[in-house]
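Trainee: I would like to learn how to read a model like this one. Could we go through it together, one question at a time?

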Amino acid sequence: YKNTLKKPLISLNLYKKETKINVIKIAKSITLSRIIVPNNFNLIILDGANLKFDENAYILINNGALKILGKKNNKVFLSELNNQWKGIHVISNNHNSEINYANFSNLDYFQNGKFNLTGAINFYNSNVKINYSKFDVSNSEDSLNFIKSNFFVNECIFSKSRSDAIDSDYSNGLIQNSKFLDTGGDAIDTSGSIVDIEGVEI
C-alpha cells in the first residue's frame, strides 16, 4: 500500500491491510489530511472510531466500497478539525457499501484536483444501505448524493443542510423513518429516479 496521503497527520501503521480481500481498516481516533483508497480496495471504519478532518481533507474510494460499522452504543464520528471538510466520494462498480450508526458533521462539497461535485457525500454506481445515522450541517448543494445507484436510507436525521438533503440522480431507492430538519432546499430531490418514501418527517 503506497502512501497517498498529502502531508499525513497520521502514520500508516494505523491501517490494517488484508491483502486477500483488499481491505483497509481504521479503528482508532485519528486526525486526517486525506484518505485516497487504492483501486479495488474497500475502506472499513470500525465502531468507536472518531475521525477529524482538516479543511481540505476528504475520502476518495475508486472501484471499492465504504463500510462504516458503528454500533448503537459505540458510534462512529466523522467531523471537522477546525471549520469544515470536503466529504466523501465513492466510485464503485456495484460494490455494496453500508453505513451504520455514524454521525457526520460540518461538510462542504467534495472537491480535489480531479472532481468538483455538488454533494458532500457521494455514491456513484453503488449499492448503499444507511441506517441510524446523522448528517448535521452541510454547506454543499447536496448533503447526500446518489448517482446511478441503488440505496436504502433508514432511521436517519438530516439537519441544517444549506440546500438539498438527499439528491437522487438516475437511481432507485427507499427512504424510510427519517427526519429532515432546517433544510434550506429540498429535503429529497429526485431526477430520473424511482424513490419510495415511507414514514418521513419534513
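Trainee: Are Phe-135 and Phe-158 buried or exposed?

Mentor: Good place to begin! First, this is a predicted model, where local features need pLDDT of at least 70 and side-chain atom pairs count only at pLDDT 80 or more, while totals for chains, interfaces and linings use all residues. Residues are numbered from 1 along each chain as its sequence is written, and side-chain values use heavy atoms, with hydrogens and water left out. Buried means under 20% relative accessible area, exposed over 50%, and partly exposed in between, using a 1.4 Å probe and protein chains only. By that scale, Phe-135 and Phe-158 are both buried.

Trainee: Which aromatic cluster includes Phe-135 and Phe-158?

Mentor: Rings of Phe, Tyr and Trp (its six-membered ring) pair if their centres lie within 6.5 Å; planes under 30 degrees apart count as stacked, over 60 as edge-to-face and the rest as tilted. The structure holds eight aromatic pairs. One cluster is made up of Phe-104, Phe-135, Phe-158 and Phe-180.

Trainee: Why is the pair of Phe-123 and Phe-146 called stacked?

Mentor: A pair of aromatic rings is described by the distance of the centres and the angle of the planes. Phe-123 is buried at 0% relative accessible area, and Phe-146 is buried at 0% too. The ring centres of Phe-123 and Phe-146 are 6.1 Å apart, and the pair is stacked because the planes meet at 20°.

Trainee: What is the order of the strands in the open sheet of seven?

Mentor: Strands (E, at least two residues) are DSSP runs, as are helices (H or I, at least four residues), and they are numbered from the N terminus. Two strands pair if DSSP finds at least two bridges between them. In this open sheet the pairing is parallel, and the order reads β4-β7-β10-β13-β16-β19-β22.

Trainee: Which strands stand at the edges of that sheet?

Mentor: Look for strands that have a single partner, so that one side is left without a neighbour in the sheet. Those are β4 (35–37) and β22 (188–191).

Trainee: How many bridges join β16 to β19?

Mentor: Strand β16 covers residues 142–147 and strand β19 residues 164–169, and the two run parallel. Asp-142 stands opposite Asp-164 in β19. The number of bridges joining β16 to β19 is five.

Trainee: Which residue forms a salt bridge with Glu-98?

Mentor: A salt bridge is a side-chain nitrogen of Lys or Arg within 4 Å of a carboxyl oxygen of Asp or Glu, and the structure holds two. Glu-98 is partly exposed, with a relative accessible area of 26%. With the closest N and O atoms 3.9 Å apart, its partner is Lys-67.

Trainee: And how far apart are the closest N and O atoms of Asp-108 and Lys-86?

Mentor: Asp-108 is buried, with 8% relative accessible area, and Lys-86 counts as buried at 8% as well. Asp-108 and Lys-86 form a salt bridge, and their closest N and O atoms are separated by 3.3 Å.

Trainee: Which ring does Lys-86 lie over?

Mentor: A charge sits over a ring if NZ of Lys or CZ of Arg is within 6 Å of the ring centre and within 35 degrees of the ring normal. Lys-86 is 5.5 Å from the ring centre, and the face it lies over belongs to Tyr-109.
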